[in-house]
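The following report is meant for someone meeting this structure for the first time. It moves from one side-chain contact to the chain as a whole.

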Amino acid sequence: TTSSPSSSYTHKTQINTKQSNTMQETMSGFISGAILTTTKTFVKYPLDTATVRLQMPQSTYNLNNIPQLFQGGYNGKHRP
């Protein structure tokens, strides 16, 4: 059997479309992963700091003074 030029073109187009979809999925996963990690760091870091402050023995921090508990919550965090 001989294949027509149009079927060859269709096959090449399908391959290019699959490669394009794979690249889009890869970039989408990379970008969403970066956004998730950044958001998680900015939300979780001060909460972890407050948790540690509350668990320290003889700590002056308490739940009656929430602003003091979170004050300096990002100290020690810097850009890579």
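A polar contact is a pair of N or O atoms within 3.5 Å, where, within protein, one must be able to donate a hydrogen and the other to accept it, and where residues adjacent in sequence count only if both atoms are side-chain atoms. The model is predicted, with local features needing pLDDT of at least 70 and side-chain atom pairs counting only at pLDDT 80 or more, while totals for chains, interfaces and linings use all residues. Residues are numbered from 1 along each chain as its sequence is written, and side-chain values use heavy atoms, with hydrogens and water left out.

The side chain of T49 comes to 3.0 Å from the backbone oxygen of Y45. T49 lies in helix α1, which covers residues 5-55; helices (H or I, at least four residues) and strands (E, at least two) are DSSP runs, numbered from the N terminus. T49 is also 7.5 Å from F70, C-alpha to C-alpha, although 21 residues separate the two in sequence.

A salt bridge is a side-chain nitrogen of Lys or Arg within 4 Å of a carboxyl oxygen of Asp or Glu, and by this rule there is one. It joins D48 to K44, with the closest N and O atoms 3.6 Å apart. Because D48 and K44 are four residues apart in helix α1, about one helical turn separates them.

| Residue | Relative accessibility | Class |
|---|---|---|
| D48 | 38% | partly exposed |
| K44 | 43% | partly exposed |

Overall, the chain has two helices and zero strands, and buried residues make up 8% of its 80 residues.

Conventions: Buried < 20%, exposed > 50% of the residue type's maximum accessible area, 1.4 Å probe, protein only.
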